[in-house]
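Reader: I am new to this structure. Please take one part of it, look at it closely, and tell me how it sits among its surroundings.

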Amino acid sequence: MNKTLPLLPESASNLAADVDLLMILLTVFSIFFTIVIFVAVAVLAVKYHRKSEDEVPPHIHGSLPLEIAWSIGPFLLVLAMLPLSAKIMMNTYTPQPYAMEIFVTGKQWMWKLQHPEGPREINELHVPIGKPLKFTMISEDVLHSFYVPAFRVKKDVLPGRYTNFWVTPTKVGTYHLFCAEYCGTQHSGMIGKVHVMEQSDYEKWLSGGDESMTARGEALFNQYGCVTCHLADGKGRGPALVGVYNSMVKMQTGAIVKADESYLRESIINPRAKIVEKYSSIMPTFQGQISEEGLLQIIAYIKSLEQEGEAQQ
Ligand code: CUA
């Protein structure tokens, strides 16, 4: 696509073709109607200009068919574009099976990226080609926006809340990563690179990396004493965490809550918000004590407990 249309950035993801098609459709529609309107303005101005000083124009009482036509017509046009944009949204936000997870922390003014099984990166991200990626993102401070034009993804990164999207890289190469939300004086410097690699190259790169995210999470889990209450056998003062991720948990109030990343994060920084049935509200808050990066590491560790639990069954 970008060979014929150099205006578009490189296409390197499963979303690119659809996004480009939608973009082209919208542009064509806009240009078409711009021309229609400007030509009509010019033609009608000439045709209906006042021909003499004392000319009195005839009364116009409107036209119902015309009004219906210009209401229904654009409505149908916009409706025709809905399936394509809906498809793009579905593809961006539908969880992909076997997706590789990438954890993003935005911070004035850098991107911190973590792989669950591998290295931490700053302003650089290495990913294999052809594998669905699940991004989980949060900000340490203000609003940022994670923008990779070649992937055709742009998603706000918010303080205090996780945002997700899914994308599959389809082309080996190095692509721009931008912050697309004004976030302070160095906003324009909050940039990076995404390296899409062949699987074998990626594995080579990965093996050169440092301690895994799960291992760092486990270290924090011990360091902050989580381990003393959340015993694996369920006999501790806090609920056991093996297999808790993505399970449905019953609260004291009777409510059933899905233990996703957001729930786990809230339970660490604001334990009183939701108390699990049969347990009491004794856990201290860790708000402000653990960085967003650290929280993601602890959550990665809790998720790994699920995987071990499943393997045992
Ligand atoms: Cu971060 Cu702009």
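Author: Ile68 belongs to helix H2, which covers residues 64-93; the model is a predicted one. With a relative accessible area of 45%, Ile68 is partly exposed. A nonpolar patch on the surface is made up of Leu64, Ile68, Ile72, Phe75, Leu76, Leu79 and Leu82, and together these have about 700 Å² of accessible area.

Strand S6 gives another picture. S6 spans residues 144-148, and four of its five residues are buried, so the strand is largely enclosed by the rest of the structure. One of its partners is strand S7 (residues 153-157), paired with S6 in the antiparallel sense over five bridges. In this pairing Ser145 stands opposite Asp156 of S7. Four residues separate the two strands of this hairpin, and Arg152 in the turn has a positive phi of about 60°. S6 is also joined to strand S9 (residues 173-179) by two bridges, again antiparallel, with Phe146 opposite Cys179.

Phe146 is buried, at 1% relative accessible area. Phe135 is buried too, at 0% relative accessibility. The structure holds 10 aromatic pairs. In the pair of Phe135 and Phe146, the ring centres are 5.3 Å apart and the planes are at 45°, so this pair counts as tilted. Phe135 lies in strand S5 (residues 133-139) and Phe146 in S6, so the pair ties together parts that are 11 residues apart in sequence. Both rings belong to one aromatic cluster, along with Trp111 and Phe165.

The charged end of Lys154 sits over Tyr147, 4.7 Å from the ring centre. Over the ring of Tyr162 sits the charged end of Arg265, 5.8 Å from the centre.

Conventions:
Residues numbered from 1 in each chain as written. Predicted model: local features only at pLDDT ≥ 70, side-chain atom pairs only at ≥ 80, totals over all residues. Heavy atoms only, no water. Buried < 20%, exposed > 50% of the residue type's maximum accessible area, 1.4 Å probe, protein only. Pairing = 2+ DSSP bridges. Patch = residues over 30% accessible without salt bridge, like charges linked within 9 Å, V, L, I, M, F, W, Y side chains within 5 Å. Areas by Shrake-Rupley, 256 points an atom, 1.4 Å probe, with all protein chains shown as cover. Salt bridge = Lys/Arg side-chain N within 4 Å of Asp/Glu carboxyl O. Phe/Tyr/Trp six-rings, centres within 6.5 Å; stacked < 30°, edge-to-face > 60°. Lys NZ or Arg CZ within 6 Å of the ring centre and 35° of its normal.
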